[in-house]
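Hello,

My notes on cavities, a strand and salt bridges follow below it.

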Amino acid sequence: MSYGDYQIELYLGALSGVLPEHPFSYPDLESQALATLPPELRTYIAGGAGDETTQRANVSAFDDYALVPRMLNAHAERDLSIELFGRTLPTPLMLAPVGVLGLVTPDQHGDVHGAEVAAATGVPFIGSTLMSDPLEEVRPACGDTPAWFQLYTPRDRDLAASLVSRAEAAGYEAIVVTLDTWVPGWRPRDLASGNFPQLRGKALANYTSDPRFAEMTGPDPDPGATVMTWVGTFGNPLTWDDLTWLRQLTDLPLVLKGICHPDDARRALDSGADGIYCSNHGGRQANGGGGALHWLPDVVAAVDGRAPVVFDSGVRTGAHVVTALALGATAVAIGRPYVYGLARGGVPGGVHVVRSLLAEADLIMGVDGYPTRADLTPDAVRRRG
């Protein structure tokens, strides 16, 4: 069965009088999801840094590229599988780490439900350090689908080591170190609403369940002490000198997230990183940086096949997924779309979003004559204009 067959399910359902419950266009998905969330979460999830030029540029960058159709290369079955750190994965999609994922479902267990979306779709889940449930309770919900753990590196090195070792013991298969969030970006929407979920004690389950963090807070801390201890350790301003220490924390693949310059990509691999994650945090951290997609080709060229390159930022459609793959991404991570799917419709809503993206990507590849992931090379795309 091809991923594009999802549309057959939907059409057959309509013949039986059952119309799709969840929206298909991103604007509809976003507006309906935000309507279900409290105001403080709306600003945190939908907003970006500064006047949000970079956030918009991440999406509009995809309009600068066009996939060139190739005919007489039709295949009834497409192969979207990829190889990633010794694993053959059925699709090139991943679920990006989202620090307030746990808060977007009414039961406040959105991290577990995101993992359940991964289990239902076979799309790997990248769990954030900022979870509402401990990482050990989230990983089993992924089932046989791989999961990675994203580390916001704390200032306390023993706490960093504890988080990484816990992730390793729980069955996460790679560590993703986010490099661009050692200090919060300038986010006017959040500032206007006075909203910072972690300062209200939200999404800190990986800290409050950690033995090293417990040593730092002391026995029976009140909520204020917990939050202030977190404030004191969150956000390690990492430099290249820290990479040797990070590499020594684990034998798992180490993926550096936030790499957008080719020189940084080369130096990261030379310094022991196993993977590159090209991203500008969806435009949430720094304004004025342009669309991350524009930096992807140079990063891929610098990596030169030495390591996988994961990409996120601005991915909204299956066509976006195909474009990023053609520009050299090994895997493409989605953030807001699946978060909105969960917020609006729970696990079924999240599954619908992922299946819709896969269906569109699969059908585009089929119609335009690119039957396998390997066929999507830079020659398949052209710059518009």
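First, the cavity rule. On a 1 Å grid over the protein atoms alone, a cavity is a set of points where a 1.4 Å probe fits but cannot get out, and lining residues have an atom within 4 Å of a point. Grid points are joined across faces, edges and corners, and a volume is the space filled by probe spheres set on the points. By this rule there are three cavities of 30 Å³ or more.

Some ground rules. This is a predicted model, where local features need pLDDT of at least 70 and side-chain atom pairs count only at pLDDT 80 or more, while totals for chains, interfaces and linings use all residues. Residues are numbered from 1 along each chain as its sequence is written, and side-chain values use heavy atoms, with hydrogens and water left out.

Cavities

The largest cavity has a volume of about 510 Å³. It is lined by 33 residues, and the closest to its centre are Pro 97, Val 98, Gly 99, His 281 and Arg 284. Elements that give two or more residues to this lining are α3 (39–46), β11 (331–334) and α16 (336–367). Helices (H or I, at least four residues) and strands (E, at least two) are DSSP runs, numbered from the N terminus. The largest share, three residues, comes from α16. By class, the lining of the largest cavity has 18 nonpolar, nine polar and six charged residues. Here Ala, Val, Leu, Ile, Met, Phe, Trp, Tyr, Cys and Pro count as nonpolar, Asp, Glu, Lys and Arg as charged, and the others, Gly among them, as polar.

The second largest cavity has a volume of about 60 Å³. Among its lining residues are Tyr 152, Thr 153, Trp 182 and Asn 236. That lining has four nonpolar, five polar and no charged residues.

Strand β6

Five of the five residues of β6 (residues 147–151) are buried, meaning under 20% relative accessible area; exposed is over 50% and partly exposed in between (1.4 Å probe, protein chains only). In a regular strand the side chains alternate between the two faces of the sheet. Ala 147, Phe 149 and Leu 151 sit on one side of β6, Trp 148 and Gln 150 on the other, and both faces are covered.

What pairs with β6? Strand β5 (residues 125–127) does, in the parallel sense over three bridges. Pairing requires at least two DSSP bridges between the strands. Ile 126 has Trp 148 as its bridge partner in β6. Strand β7 (residues 175–178) also runs parallel to β6, joined by three bridges. Gln 150 stands opposite Val 176 in β7. The chain crosses from β6 through α7 to β7, and this β-α-β crossover is right-handed: with the strands pointing away from the viewer, the path from the first strand over the helix to the second runs clockwise.

Salt bridges

The whole structure holds 13 salt bridges, each a side-chain nitrogen of Lys or Arg within 4 Å of a carboxyl oxygen of Asp or Glu. One joins Glu 136 and Arg 166 (2.7 Å, N to O). Glu 136 lies in α6 (residues 135–138) and Arg 166 in α7 (residues 157–170), so the pair ties together parts 30 residues apart in sequence. Glu 136 is partly exposed at 34%, whereas Arg 166 is buried at 10%. Another joins Asp 270 and Arg 306 (2.7 Å, N to O). Asp 270 is exposed at 58%, and Arg 306 is partly exposed at 47%. Shared partners join Glu 136, Arg 166 and Asp 210 into one network of salt bridges.

Best wishes

Note on methods:
On a 1 Å grid over the protein atoms alone, a cavity is a set of points where a 1.4 Å probe fits but cannot get out, and a pocket is an open set with protein on both sides within 12 Å along at least five of seven lines; lining residues have an atom within 4 Å of a point.
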